[in-house]
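Please look over the sequence and the structure shown here. The paragraphs after them go through selected parts one at a time.

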Amino acid sequence: MSLTDAQWARIQPLPPDRTPKRGGRRHDHRQVIGAIAFKYRTGTPWMDLPEHFGSWKGAHNRLRKWAADGTWEKVSTALLAQADAEGDLGWVVAVDSTIVRAHQHAAGARQKGPRRASRHRALGRSRGGPTTKIHLAADSRCRPLAFALTPGQAGDAPAFTEVMARLRVPRPTDRTRTAPDVVLADKAYSSRAIRTHLRRRGIRAVIPQPADQAANRKRLGSRGGRPPAFDRDAYKQRNTVERCINKLKQWPGLATRYDKTATICPAALHIAGILIRSTA
């Protein structure tokens with residue numbers, strides 16, 4: 001998978017133009033980013049990358065270094081800012097999560113301690129084996145806006161505020177925008193804490209109430225308060241996040257987790273998001 005001219009025209013000004021150390025060679029950004037994208041888009045092992053992409057070690061090192069210093073996230077944020085400036089970013093945001101199976105190669109990372117291991121690796125265990133859960137927000141055009149990783153057995157609601165905190169779109173004449181107009185989410189996110197969080201930030205919540213919560217409110221009578229507002233027509237747009245997840249899972253290297261650390265996994269998601277946004 002090579003980058004198209006249209007994709008590269010959007011991405012080219014964004015990666016930092018770093019000068020290599022003395023004695024080193026400057027690697028072409030387009031070639032290296034194309035190699036990394038090919039690896040995740042096809043699920044190819046690093047050592048089996050086609051020769052025209054150059055050294056697989058150079059591509060892997062670039063992925064790792066730019067993941068560590070936040071370059072991939074910065075490029076992704078810059079593309080979001082471009083889309084926002086062009087009026088091409090929908091601020092009706094849908095939030096959801098998806099579970100991906102972890103390959104045996106994802107195990108075995110060095111751990112700093114048993115209590116911190118699962119958080120460091122974002123790797124959990126369920127009936128199907130080791131898994132990772134990807135929490136994400138998507139715009140109205142099914143494009144990813146923000147990600148967060150947790151072990152696979154973690155709940156959806158506790159990660160909601162982390163996903164929302166990662167939604168940051170810089171603006172040239174105004175401060176960074178972090179609050180969408182509307183947030184769409186399913187019943188798993190129907191909690192008083194989440195509704196209060198959104199209300200305090202001036203964000204309209206479109207979240208259905210589960211039957212047990214509605215029954216408990218009615219049982220309490222006047223003490224149960226009013227039912228939360230729910231816009232059924234607006235909720236029909238929640239499929240945008242599910243369609244975004246489908247786009248990401250078309251990348252075999254993302255549909256199954258092969259990376260050991262929780263640093264590389266978000267970088268791979270940002271790369272997919274960069275190419276999805278630069279294609280649209």
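**A walk through the model**

Leaving out residues up to four places away in sequence, Gln82 touches Arg10 and Leu14, where contact means heavy atoms within 4.5 Å. This is a predicted model, in which local features need pLDDT of at least 70 and side-chain atom pairs count only at pLDDT 80 or more, while totals for chains, interfaces and linings use all residues. Residues are numbered from 1 along each chain as its sequence is written, and side-chain values use heavy atoms, with hydrogens and water left out.

Gln82 belongs to helix H4, residues 71-85. Helices (DSSP runs of H or I, at least four residues) and strands (runs of E, at least two) are numbered from the N terminus. Gln82 counts as partly exposed because its relative accessibility is 27%; buried means under 20% relative accessible area, exposed over 50%, and partly exposed in between, with a 1.4 Å probe and protein chains only. Pro170 is 88 residues from Gln82 along the chain, and the two C-alpha atoms are separated by 9.2 Å.

Next come the strands. His135 is found in strand S3, which covers residues 129-138. With a relative accessible area of 1%, His135 is buried. Its contacts, leaving aside neighbours within four places in sequence, include Asp96, Ser97, Phe147, Ala148 and Asp156. The C-alpha atoms of His135 and Ala148 are separated by 5.1 Å, and these residues are 13 apart along the chain.

Strand S4 spans residues 144-151 and contains Pro151. Pro151 is also buried, at a relative accessible area of 15%. Between the C-alpha atoms of Pro151 and Thr131, 20 residues apart along the chain, the separation is 6.5 Å.

The loop between S3 and S4 holds Cys142. Cys142 is buried as well, with a relative accessible area of 4%. Most residues other than glycine have a negative phi. For Cys142, phi is near 65°, a positive value in a residue other than glycine.

The helices can be taken in pairs. Two packed helices are described by the angle between their axes and the distance between the axes. The axes of H2 (residues 29-42) and H3 come within 9 Å and cross at roughly 90°; axes are lines fitted to C-alpha atoms, for helices over the stretch in contact, and angles run from 0 to 180 degrees between N-to-C directions. H2 and H3 are therefore roughly perpendicular to each other, a term for angles of 65 to 115 degrees. Among the residues making this contact are Ile33 and Tyr40 of H2, and Arg62 and Trp66 of H3.

Helix H3 (residues 56-68) also meets helix H12 (residues 264-279): their axes come within 9 Å and cross at roughly 100°. H3 and H12 are therefore roughly perpendicular to each other too. Leu63, Arg64 and Ala67 of H3 make the contact with Ile264, Ala267 and Ile271 of H12. These residues divide into five nonpolar, no polar and one charged, where Ala, Val, Leu, Ile, Met, Phe, Trp, Tyr, Cys and Pro count as nonpolar, Asp, Glu, Lys and Arg as charged, and the others, Gly among them, as polar.

Lys39 lies over the face of Tyr258, at 5.6 Å from the ring centre.

Terms used
A charge sits over a ring if NZ of Lys or CZ of Arg is within 6 Å of the ring centre and within 35 degrees of the ring normal. Angles under 35 degrees count as roughly parallel, over 145 as roughly antiparallel, 65 to 115 as roughly perpendicular and the rest as oblique.
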